[in-house]
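I opened this notebook to record what I looked up in the structure shown below. The entries follow the order in which I consulted it.

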Amino acid sequence: MKVFTNFINRIESIKKDHPKLAFACQVLGYYGLMMILYLYFMLANLSSAPKFVYTQF
Amino acid sequence: MKAFAAALLLFLVTVTACHFYIAKRIRVDNTAFSTWAREEKSISLMGLSANMNEGSMPVFGSSEFQHGRDTIYHPQNLFAETRFNPMLIGAGYYQSLGHSITLAAIEPSMTVRKAVLILSPQWFRKPGVLDQAYTSRFAEILYAGMLQNPKVSEESKAYISERTHKLLAIDEKTLEHVDLHEKVLWKQESSEAEQRQEALWNAFLKEKDLFSTSFQMITAGIRKGSGLPSEENEPDWSALLAQAEKDGQAENQNEFFITDETYQRLVPHLPEKKDMNADAFKGYQYGPEFDDLRQFLTICQETGIEPMLVILPVNGYYYDYTGFPKEAREKYYQKIRDLAAEFDAKTADFADQEYTEYFFEDRVHIGKTGWVMVNESLYEFYKQD
């Protein structure tokens, strides 16, 4: 718990001391999340078909 | 909020740039994509359409494409430097119905107005294509493409729709999408909201197709080329056949003339295979696959594509061992010939090669000699006026 509160306090102090850096980090965070979602939808198998196991004739 | 808006803008710029790069990259201008024997490629409308050039001829088949790729006789290697560009479409359990849909979807992009279907006798088992197999190979984007082709008749769409609904019953989610495509693209009985939903979903499927196909092309090492060779570079068929026989003699010394590796895997099961099909008097002669094949030929007729059916034989040595009656085999071949004649379709008939040594790699898939003969028939068909 202490580690977590220390981490939050540290983030808050960075936000106060370096507002531009904090903004850039936020943008990158959102951007990263959007890209992960995009890549998931582009590469995921969206079919709900039961898995077909290929067996030789 | 400002940070989110900036991220969204950055994201949209990235995605747009990716789209244009991928759309340009997916067309490779060489034979690497067309002879790439990968299942995922066969369901890519964007990849197939973008790579149809003046040397491309679709060759529909099934699991044989995944066999013999490490030999010089596989089309992937044999046609690597030719102007002829066979577009291999299929993998295990692809059959006539799925190929009918694909042909109807890619037909508008075809310059060479010919198509080949390599028929495996095993497709013509009594149940026809299995529902799980069909579902696993089904591509919504190709289905929508088939519905959008104005040359495909109402009757053909009705037949394909009926079969698809029956076989896709195990995949409700995809079936819902199929119904939406049909309502909007075919039956014209959709609301405006449904039309918007379908257009949006179709655009998403196309983008997904572009992205995933390009991703697989990169991982497979398929790179952009500098165009097709100006010369035909016809392979020396008699030299290849002699080489295939020589290679076969060196490797396949067993009773079925198949590769030693597959023979060794088969040996423990041989006692149970002996005469197991002795009562298959009607084998490969009845079942829904014949109607599905008829549908493929109908699509060819409706879209002005000249078809050729490659009639693959069974491995005579192995089928004799299992007791599968010769008369049943002969009746199957004749049924295919009759169907081809009914549609005025050309055939490359290899029924008389049942006992050609080294024609097969294993019990059912063609090998060295088989590939040389089939490839020659593809090339000759492509060259005919």
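Entry 1: I began with D344(B), which lies in the loop between α15 (326–342) and β5 (346–349) of chain B; helices (H or I, at least four residues) and strands (E, at least two) are DSSP runs, numbered from the N terminus. The phi of D344(B) is positive, near 60°, and the residue is not a glycine. I noted for reference that most residues other than glycine have a negative phi. D344(B) counts as exposed because its relative accessible area is 69%; buried means under 20% relative accessible area, exposed over 50%, and partly exposed in between (1.4 Å probe, protein chains only).

**Entry 2: conventions.** I recorded that this is a predicted model, in which local features need pLDDT of at least 70 and side-chain atom pairs count only at pLDDT 80 or more, while totals for chains, interfaces and linings use all residues. Residues are numbered from 1 along each chain as its sequence is written, chains are lettered from A and ligands numbered from 1 in the order in which they are written, and side-chain values use heavy atoms, with hydrogens and water left out.

Entry 3: I then turned to Y284(B), in the loop between α12 (270–273) and α13 (289–303) of chain B. Y284(B) has a positive phi of about 65° and is not a glycine. Is Y284(B) buried or exposed? With a relative accessible area of 8%, Y284(B) is buried.

**Entry 4: chain B as a whole.** I found 16 helices and five strands in chain B. Its radius of gyration is 22 Å, close to the 21 Å that the globule rule gives for 385 residues, so chain B is as compact as a globular protein of that length; the radius is taken over C-alpha atoms, and the rule is 2.2 Å times the number of residues to the power 0.38. The C-alpha atoms fill a box of roughly 75 × 45 × 45 Å along the principal axes. Of the 385 residues, 57% count as buried. Among contacts (heavy atoms within 4.5 Å) with a separation of 6 or more, 82% join residues 24 or more positions apart.

Entry 5: I located N85(B) in strand β2 (residues 85–89) of chain B. N85(B) counts as buried because its relative accessibility is 0%. Beyond four places in sequence, N85(B) touches several residues, including N30(B), M57(B) and L228(B). P229(B) sits in the loop between α9 and α10 (237–251) and is partly exposed at 25% relative accessibility. Leaving aside neighbours within four places in sequence, P229(B) contacts E81(B), T82(B) and R83(B). P229(B) and F84(B) are 145 residues apart in sequence and 9.1 Å apart in space, C-alpha to C-alpha.

**Entry 6: the interface with chain A.** I recorded 38 residues of chain B in contact with 24 residues of chain A. The two chains bury about 2,900 Å² between them, 72% of it on carbon and sulfur atoms; buried area is the accessible area (1.4 Å probe) that two parts lose on being put together, summed over both. In chain B, F11(B), Y93(B) and F211(B) lose the most area to chain A, together 20% of what that side buries. Of the side of chain B that touches chain A, α1(B) gives the largest share, ten residues.
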